[in-house]
Amino acid sequence: MELFANWHSWPQAEAGLRDRLPAHAVTKVARAVAFAAGQHGDQRRPGGAPYTEHLLETLEVLVRGAGVTDPDLLCAAVLHDVVEDTACTVAQVAEGFGPRVAGLVGWVTIPPPGAGQDKAAAKDAYLRGLRRAPRDAILVKLADRASNVQTLRNLAPARQRAYYAQTIEHIVPLAGREPWFRYWYASWRAEFADLATPGPGGARGSAGSPGAPAGSAGAAGAF
């Protein structure tokens, strides 16, 4: 299974992008990275790393892995959590980066629970709704989840199993439409196949999000 954890900082990402994108595209992505970093502030991933590392990993998956060069799509990948995990709005994304980027961010943002709905139900509905998402939004989601699941062993065992099951149910079918992602997720599934078996006592755990509450100063909702 190929890992995507080489771009820990913007200078590292920029060097990789300049080998593949024209200068104007790199400049646009740089603006998105700076904007996202400002919005996410000191948020951390569940493992304690700066949250921007997740955003750069998502970018790296798309560029180095899937070969994506569309600057709007790459900006959406960098900004994919700003509405869900910070005070930023879709309107602000549209103002700064255009309606297409804002629309893609909107597609990959989990909406707040509706009346009589809890967070788990809202997330399940969102994941099921991705089947109707446009292709570019699906590419962003596939890269986002690839960043998270490549380090699945960092979570507690019950959360590993829950997140594995959720990924198999909702994300792997989406990957089937994209040759590179289909291959990558097949490799990932083989690498983590042991998580398909029930844990102690037969419990697989809840398939809810292993991340902290959105917008917290601790671990953000990368998962």
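So, helices H2 and H4: the axes of H2 and H4 (residues 71-78) come within 9 Å and cross at roughly 15°. An axis here is a line fitted to C-alpha atoms, for helices over the stretch in contact, and angles run from 0 to 180 degrees between N-to-C directions. Helices are DSSP runs of H or I, at least four residues, numbered from the N terminus. H2 and H4 are therefore roughly parallel to each other, a label for angles under 35 degrees. Their crossing is right-handed, meaning the near helix is turned clockwise from the far one by less than a right angle.

Who touches whom? On the H2 side we have Ala25, Lys28, Val29, Ala32, Val33 and Ala36, and on the H4 side Pro71, Asp72, Leu74, Cys75 and Val78. Contact means heavy atoms within 4.5 Å. By class, that gives 9 nonpolar, no polar and 2 charged residues. For the classes, Ala, Val, Leu, Ile, Met, Phe, Trp, Tyr, Cys and Pro count as nonpolar, Asp, Glu, Lys and Arg as charged, and the others, Gly among them, as polar.

A quick word on the source: this is a predicted model, where local features need pLDDT of at least 70, side-chain atom pairs count only at pLDDT 80 or more, and totals for chains, interfaces and linings use all residues. Residues are numbered from 1 along each chain as its sequence is written, and side-chain values use heavy atoms, with hydrogens and water left out.

Next, H8 (residues 119-129) and H10 (residues 157-175): their axes come within 9 Å and cross at roughly 35°. Lys123, Asp124, Leu127 and Arg128 in H8 meet Gln166, Glu169, His170 and Ile171 in H10. That contact divides into 2 nonpolar, 2 polar and 4 charged residues.

The structure holds 1 cavity of 30 Å³ or more. On a 1 Å grid over the protein atoms alone, a cavity is a set of points where a 1.4 Å probe fits but cannot get out, a pocket is an open set with protein on both sides within 12 Å along at least five of seven lines, and lining residues have an atom within 4 Å of a point. Points are joined across faces, edges and corners, and a volume is the space filled by probe spheres set on them.

What lines the largest cavity? Val33, Ala36, Ala37, Thr52, Leu55, Leu56 and Val78. H2 (23-40) and H3 (51-65) each give two or more residues to that lining.

Last, the second largest pocket has a volume of about 170 Å³. Of its 11 lining residues, Arg45, Pro46, Gly47, Thr151 and Asn154 lie nearest its centre.

How values were computed: Angles under 35 degrees count as roughly parallel, over 145 as roughly antiparallel, 65 to 115 as roughly perpendicular and the rest as oblique.
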